[in-house]
Amino acid sequence: MAVETKPVNIIVGIGGTGGRIISEIKRLNAQRKYYFGEESLGSYKYLYYDTSDDVYSYKGYWQSSYGEFSLNPREFLKGDSAVVDAKLQSGSMREEIGTWLADIEGIQLSRRSDRQGADQRRRLGRIIFHSVASEFRNRFEEMLPGSGSDQIAAVHLFGSPAGGTGGGSMIDAQLLINKCLGGRKGEVSLYLVTPERPDSKL
């Protein structure tokens with residue numbers, strides 16, 4: 001009888017919402033490990049991309065009564081919005097992105113001092129992801145089973161279309177992940193999470 005090969009669960013979070021979802025998954029896994037042992041978890045790998053380190057650096061998201069479960073540095077990738085802003089203002093990225101992102105002048109580059117990341121601007125979020133796409137691909141491919149492996153890569157991609165980071169990079173991230181999978185055994189599930197409104201009006 002053939003032994004069933006368990007899939008490797010690759011959890012990818014985009015933006016603050018994606019990061020918080022990763023923290024909840026790790027929290028639940030820490031609880032499961034506490035009660036049922038390491039063997040109950042299966043295989044989980046994580047990649048969190050954001051344009052701000054607010055969620056990544058806040059310890060409250062990465063610990064509970066069941067222990068500490070923070071991401072290691074290789075599992076977090078930050079897009080540097082300040083560097084991209086400077087390149088846009090200097091015009092050095094114009095030829096590189098002008099063919100696929102129209103109306104560069106329409107992207108408002110002024111930033112309040114208390115705001116970080118893509119600052120709710122989806123086009124800026126897309127440009128920032130473009131600047132780190134190669135590194136995103138490298139880190140994602142590190143998590144995949146070998147090309148000759150029978151193990152299935154079950155990829156779960158989480159984010160919100162409402163913010164600048166998620167709204168600007170979720171689709172590009174999914175397309176890049178599909179390309180990385182190539183001929184490997186795998187499937188991608190996309191989870192788009194919308195924020196709750198403070199009132200009942202839609």
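How many residues apart in helix α5 are Glu-135 and Arg-139, and about how many helical turns separate them? They are four residues apart, so about one helical turn lies between them. Helices here are DSSP runs of H or I with at least four residues, strands are runs of E with at least two, and both are numbered from the N terminus.

Before we go on, a word about the model. It is predicted, so local features need pLDDT of at least 70 and side-chain atom pairs count only at pLDDT 80 or more, while totals for chains, interfaces and linings use all residues. Residues are numbered from 1 along each chain as its sequence is written, and side-chain values use heavy atoms, with hydrogens and water left out.

**Salt bridges**

Side chains of opposite charge can pair when their charged atoms come close. A salt bridge is counted when a side-chain nitrogen of Lys or Arg is within 4 Å of a carboxyl oxygen of Asp or Glu.

| Salt bridge | N to O distance |
|---|---|
| Glu-135 and Arg-74 | 3.2 Å |
| Glu-135 and Arg-139 | 2.8 Å |
| Asp-172 and Arg-126 | 2.7 Å |

Glu-135 sits in helix α5 and Arg-74 in the loop between β4 (67-68) and β5 (76-78), so their bridge ties together parts that are 61 residues apart in sequence. Asp-172 in helix α6 and Arg-126 in helix α5 also link distant parts of the chain, 46 residues apart.

Are these partners buried or exposed? Buried means under 20% relative accessible area, exposed means over 50%, and partly exposed is in between (1.4 Å probe, protein chains only). Arg-139 is buried at 12% relative accessibility, whereas Glu-135 is partly exposed at 27% and Arg-74 is partly exposed at 39%. Through shared partners, salt bridges join Arg-74, Glu-135, Arg-139 and Glu-142 into one network.

Now let's turn to strand β1 (residues 8-14). Seven of its seven residues are buried, so the strand is largely enclosed by the rest of the structure. Val-8, Ile-10, Val-12 and Ile-14 point one way, and Asn-9, Ile-11 and Gly-13 point the other way.

Two strands pair if DSSP finds at least two bridges between them. β1 pairs in the parallel sense with strand β2 (residues 43-50) over seven bridges, and Asn-9 has Tyr-44 in β2 as its bridge partner.

**Cores and rings**

A nonpolar core is a set of buried Ala, Val, Leu, Ile, Met, Phe, Trp, Tyr and Cys residues joined through side-chain atoms within 4.5 Å. The largest has 27 residues, and Ile-10, Val-12 and Ile-14 are among those with the most contacts inside it. Helix α5 gives the largest share of this core, nine residues.

Finally, look for the rings. Rings of Phe, Tyr and Trp (its six-membered ring) pair if their centres lie within 6.5 Å; planes under 30 degrees apart count as stacked, over 60 as edge-to-face and the rest as tilted. There are eleven aromatic pairs in the whole structure. Phe-158 and Tyr-191 are stacked, 4.4 Å centre to centre with 10 degrees between the planes.
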